[in-house]
Amino acid sequence: MQKNPETDIKMLEVLADNESPWVRINVAENPNCPPYILDYLSHDQFGAVQSSVARNKNASKETLAYLVTLDNITIQNAVLNNPNYDPECVYEISHDDEFIYQFQ
């Protein structure tokens, strides 16, 4: 249901608050998840949820700019592979000695 593109936006809003991180991951992976829900999920305590947000093509530039600042290489890679990322975000992480960008 959470990944189904036909899922109602109101239902996605409810599911975004589900206690299960697996449900929230699926909401973040929904191709019709709106940017405001993705922004909300970008602050989730689980990196897997944040990575799913970073991969979603509906994530806003502002959300991606926040996610790229997190100290998580998997999330940073996902941001750089998102077509909406702002190249200015790359500057933020290009000076990180531990960061190794890998094209997927």
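Me: Which pattern does the protein chain follow when read along the sequence?

Reply: Please bear in mind that this is a predicted model. Along the sequence, the pattern of the protein chain is α-α-α-α-α-α-α. The secondary structure amounts to 7 helices and 0 strands.

Me: How many residues does the protein chain have, and what percentage of them is buried?

Reply: A residue counts as buried when its relative accessible area is under 20%. Here, 39% of the 104 residues in the protein chain are buried. The accessible surface of the chain comes to about 6,200 Å², and carbon and sulfur atoms account for 52% of that surface.

Me: Which residues have the most contacts inside the largest nonpolar core?

Reply: The largest nonpolar core holds 22 residues, and V27, I37, L41, L67 and V79 have the most contacts inside it. At least two residues of this core come from each of α1 (9-15), α2 (21-29), α3 (35-41), α4 (47-55), α5 (61-67) and α6 (73-80). The helix that gives the most is α2, with 4 residues.

Me: Which residues of α2 are buried, and against which helices do the buried residues of α2 pack?

Reply: The buried residues in α2 are V23, R24, I25, V27 and A28. They pack against α1, α3 and α4.

Me: Which residues does L67 touch, leaving aside those up to four places away in sequence?

Reply: With those neighbours set aside, L67 is in contact with S42, Q50, V53, A54, I75 and V79.

Me: Where is D8 found, and why does D8 count as partly exposed?

Reply: D8 lies in the segment before α1. Partly exposed is the class between buried, under 20%, and exposed, over 50%. D8 counts as partly exposed because its relative accessibility is 48%. Although D8 and N32 are 24 residues apart along the chain, their C-alpha atoms are separated by 9.3 Å.

Me: What percentage of the contacts between residues at least 6 apart in sequence joins residues at least 24 apart?

Reply: Among such contacts in the protein chain, the share is 40%.

Note on methods:
Residues numbered from 1 in each chain as written. Predicted model: local features only at pLDDT ≥ 70, side-chain atom pairs only at ≥ 80, totals over all residues. Heavy atoms only, no water. Core = buried A, V, L, I, M, F, W, Y, C linked by side-chain atoms within 4.5 Å. Buried < 20%, exposed > 50% of the residue type's maximum accessible area, 1.4 Å probe, protein only. Contact = heavy atoms within 4.5 Å. Areas by Shrake-Rupley, 256 points an atom, 1.4 Å probe, with all protein chains shown as cover.
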